[in-house]
Amino acid sequence: MKCKRCGRNAFEKFRGTYYCRECLITKYEGAVESAIRRYRMIRKGERVLTALSGGKDSVAMLSSLRVLSKRIGFDVDAMFIDLGIGRYSRHSLEVSKKVAEMLDVRLHVVRLEDYGFTIDDVRGKVCSVCGNAKRYIMNRFARENGYDAIATGHCAEDILANLFKNMYSGNMEWSEKQRPRMEGFDRIVTRVRPLYEMSERENMVYVLAKGLPFLNEECPNAPSTKWKEIVYEIERKVPGFRVSVLRNLARERRNRGDEEFRYCRICGEITTSSVCQFCRNVKKYARKNQ
């Protein structure tokens with residue numbers, strides 16, 4: 001096959017068309033830029049802290065943002081949270097350091113262990129505790145170090161799978177948190193999803209085209225993929241389904257004034273109760289209590 005854009009030998013297919021390595025990279029970065037501009041995700045002059053895990057999605061996000069930061073005019077750094085998941089976390093950190101070095105991006109490393117526990121200490125709802133820890137640490141670090149926005153590598157399948165799961169569970173209020181840009185307020189830093197319209201396969205092909213390393217192993221605590229499989233099946237039967245739903249979701253608006261917030265009496269972060277969930281997790285899983 002030949003590249004449709006330049007006629008050279010094709011590397012892989014991107015959105016139904018074959019491209020050579022260089023043209024595929026250009027098309028991918030152009031698609032990410034288009035989404036960023038469409039949803040006004042990142043504004044000129046902002047300092048953006050990206051969540052880097054070493055997986056293909058976060059590597060694709062950091063690489064594309066590194067390129068687009070020059071075009072759009074924003075600063076980008078990366079952050080790795082060592083969750084203490086044994087061998088998996090060690091490998092994740094090794095890959096993340098290598099990626100940050102190759103892309104010439106500053107990498108901050110924060111260890112959950114410094115807060116008194118690791119994910120390996122958790123029993124029961126591991127993913128819930130892990131997700132809470134990552135949100136808490138990213139937000140606090142970003143705010144205290146003057147970042148305007150936190151960028152996460154959630155792609156189209158992640159967002160739609162979460163949307164369906166929350167709809168099934170009756171947690172409709174969570175749907176608004178799936179939008180491409182969630183404005184910050186009080187002590188909460190703005191969150192953006194640069195890969196909002198990109199698929200997992202597109203992220204993988206881009207990372208391979210760029211020759212970047214990535215962690216090709218799954219977290220031992222990874223949840224079931226059944227919701228993503230539903231998204232894949234619908235997209236197969238209704239091409240264009242993903243982007244159509246995501247763009248409609250992005251148009252939803254909700255008045256945050258309806259929600260009541262207070263401050264955690266232990267750490268001072270925003271919460272809906274007297275003690276935030278992260279501090280409750282620290283108290284429950286801290287090694288000194290075991």
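Helix H6 is followed by Gly-211, whose phi is positive, near 70°; helices here are DSSP runs of H or I with at least four residues, strands are runs of E with at least two, and both are numbered from the N terminus. The model is a predicted one, in which local features need pLDDT of at least 70 and side-chain atom pairs count only at pLDDT 80 or more, while totals for chains, interfaces and linings use all residues. Residues are numbered from 1 along each chain as its sequence is written, and side-chain values use heavy atoms, with hydrogens and water left out.

Within H6 (residues 200-210), the buried residues include Glu-200, Tyr-206 and Val-207, where buried means under 20% relative accessible area, exposed over 50% and partly exposed in between, with a 1.4 Å probe and protein chains only. Among the elements that cover them are strand S1 (12-14), helix H1 (21-38) and helix H7 (226-237).

Thr-118, in the loop between strand S5 (107-111) and helix H4 (126-144), is buried at a relative accessible area of 4%. Leaving aside residues up to four places away in sequence, Thr-118 touches Leu-83, Gly-84, Leu-112, Glu-113 and Arg-287, a contact being heavy atoms within 4.5 Å.

Rings of Phe, Tyr and Trp (its six-membered ring) pair if their centres lie within 6.5 Å, with planes under 30 degrees apart counted as stacked, over 60 as edge-to-face and the rest as tilted. The count by this rule is 11 aromatic pairs. One of them, Phe-117 with Phe-278, is tilted, at 6.3 Å centre to centre and 45° between the planes. Because Phe-117 lies in the loop between S5 and H4 and Phe-278 in helix H9 (residues 277-285), the pair ties together parts that are 161 residues apart in sequence.
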